[in-house]
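Colleague: Hi! Could you walk me through this one, in plain words?

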Amino acid sequence: MSQTILVRKIERADYAGWRVLWDGYNRFYGRHGATALPENISAATWERFFSDEEPVHALVAEQDGRVIGLVHYLFHRSTTRLTDVCYLQDLFTAQEARGRGVGRQLIQAVYEAAKAAGSTRVYWQTHVTNTAGRALYDKVAQHLGFLVYSHDL
């Protein structure tokens, strides 16, 4: 296996590899079995990556022709900035690829995409129990101390 990791824009041919990681990501956050996302949500998410009308984007990390990581991000307006901000919504790497810099490379690629789009801020959230992720995030970003509240409608 080569050590070269390529981070690139997602392609339709990546579906099978993306889907394995997407399902793993959702499983990590407790969305599996009876609580799994409905299939139409996964299908719509996939299609959004390829629509010019959507602000949702995806990159993958590839090694030896295999997708080993994914990141999804989107741009939106902010009341505190004149330019759009970038929300890094989903980040996940294959178990066997962890600890090798894949997550860091995916985050860096989002930073570059956001900068190219004229955005001046990238932010994300994670669960407090995601200790491995938080160890990386503390190295590549600043935790501003905010808590997230949510209410499903």
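Modeller: Happy to! One term to begin with: contact, or touching, means heavy atoms within 4.5 Å. This is a predicted model, where local features need pLDDT of at least 70, side-chain atom pairs count only at pLDDT 80 or more, and totals for chains, interfaces and linings use all residues. Residues are numbered from 1 along each chain as its sequence is written, and side-chain values use heavy atoms, with hydrogens and water left out.

Colleague: Is Cys86 buried or exposed?

Modeller: Cys86 has a relative accessible area of 0%, so it is buried. Buried means under 20% relative accessible area, exposed over 50%, and partly exposed in between, using a 1.4 Å probe and protein chains only.

Colleague: New topic: which residues of helix 4 are buried?

Modeller: Helix 4 covers residues 131–140, and Gly133, Leu136, Tyr137 and Val140 are buried there. Those buried residues fall within an arc of 100 degrees seen down the helix axis, so they line one face of helix 4. The arc is taken from the directions from the helix axis to the C-beta atoms.

Colleague: Why would residues three or four places apart point the same way?

Modeller: Because an α-helix has 3.6 residues a turn.

Colleague: What's on the face of helix 4 turned away from the buried side?

Modeller: That face carries the exposed residues Thr131, Asp138 and Lys139. On the buried side, the cover includes strand 4 (85–93) and helix 3 (102–116).

Colleague: Okay, how do helix 1 and helix 2 cross?

Modeller: The axes of helix 1 (residues 15–28) and helix 2 (residues 39–48) come within 12 Å and cross at roughly 130 degrees. Axes are lines fitted to C-alpha atoms, for helices over the stretch in contact, with angles from 0 to 180 degrees between N-to-C directions.

Colleague: Which residues make that contact?

Modeller: Helix 1 brings Tyr15, Trp18, Arg19 and Trp22, while helix 2 brings Glu39, Ser42, Thr45 and Trp46.

Colleague: Last one: where does Asp64 lie?

Modeller: Asp64 lies in the loop between strand 2 (56–63) and strand 3 (66–76). Asp64 is partly exposed, at 47% relative accessibility, and its phi is near 50 degrees, a positive value in a residue other than glycine.

Conventions. Helix = DSSP H or I, 4+ residues; strand = E, 2+ residues; numbered from the N terminus.
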